[in-house]
Amino acid sequence: MHDSEKLQKMLEVIRDEMLPLAECQVSKGNNIFGGAILRTDTLTSVMVGSDNSAENPLFHGVVDTLNRFFKLPVRPDPGELIFLATHDPCPMCAAALALAGFKELWVLFGYKDIEDTFGVQAGAQVYREVFGVEGTRPENAFFTKHSLKKAVATSPDKEALGELLDEIEKRYETLGVKDTDNPRSEERAG
Ligand SMILES: [Zn+2]
């Protein structure tokens with residue numbers, strides 16, 4: 001599949017499957033973060049998930065997607081699939097993807113977007129405070145992480161893809177986000 005076609009199909013999965021699920025989940029008090037597991041050859045979704053932290057604070061978008069995927073009675077090998085995350089994963093989700101065996105990870109919004117546009121600090125705080133790092137290494141022994149926004153920006157079809165990307169970004173920005181309280185933040189502020 002041509003690179004532009006691959007990018008377009010991933011953006012369409014976000015617009016047509018991940019955003020509607022996120023809108024539904026947000027209306028139930030959850031966060032906006034979501035994931036999709038795609039077949040490498042057709043870029044069609046095997047599973048889509050979205051943050052379910054109202055039920056359990058560990059059920060982030062990636063974890064919810066993995067939970068749904070591993071309940072499938074018959075499922076492809078994760079190493080043969082693509083994991084698409086709306087947002088660059090927090091440490092828990094990044095580790096979950098590595099341990100589940102995914103090798104190809106795509107993210108829409110990066111860590112800077114998460115902090116600056118969405119105002120969510122929790123994942124970045126855990127990276128910095130617990131591990132002393134700023135995020136995942138894009139190339140590591142478990143997976144390679146690609147940025148959808150960067151790939152669109154350098155694509156020969158960036159104008160058409162950019163329109164679709166803008167539409168998606170605007171819809172995510174209108175969805176409310178909630179941050180996880182750091183249990184020691186008040187103690188420090190005080
Ligand atoms: Zn997470």
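Start by selecting β1 and β2: these two strands run antiparallel and are joined by five bridges. Keep in mind as you look around that this is a predicted model.

Now pick alanine 36, and look across to β2, where valine 48 stands opposite alanine 36. Next, follow the chain through the hairpin of β1 and β2, which has five residues between the strands. Stop at leucine 43 in this hairpin, which takes a positive phi near 60°.

Zoom out to see the sheet. In what order do the five strands lie? The order is β2-β1-β3-β4-β5, in an open sheet with mixed pairing. Select β2 (45-50) and β5 (144-147) to find the edges: each has a single partner strand, so one side of each is left without a neighbour in the sheet. On average, neighbouring strands of this sheet are turned by 20° against each other, direction ignored.

Move on to strand β4 (residues 104-109) and its link with β5. These strands run parallel, with four bridges joining them. Click on tryptophan 106, and then on histidine 146, its bridge partner in β5.

Last stop: helix α1 (residues 3-26). What does α1 lie across? You will find it across β1 (34-39), β2, β3 (81-87) and β4, and it runs at about 35° to β2.

Within α1, select lysine 9. Lysine 9 has 17 other C-beta atoms within 10 Å, so it counts as partly exposed.

Methods: Residues are numbered from 1 along each chain as its sequence is written. This is a predicted model: local features need pLDDT of at least 70, side-chain atom pairs count only at pLDDT 80 or more; totals for chains, interfaces and linings use all residues. A residue is buried if 20 or more other C-beta atoms lie within 10 Å of its own, exposed if 12 or fewer, and partly exposed in between; C-beta atoms are placed from the backbone. Two strands pair if DSSP finds at least two bridges between them. Axes are lines fitted to C-alpha atoms, for helices over the stretch in contact, and angles run from 0 to 180 degrees between N-to-C directions. Two residues are in contact if their C-beta atoms, placed from the backbone, lie within 7 Å.
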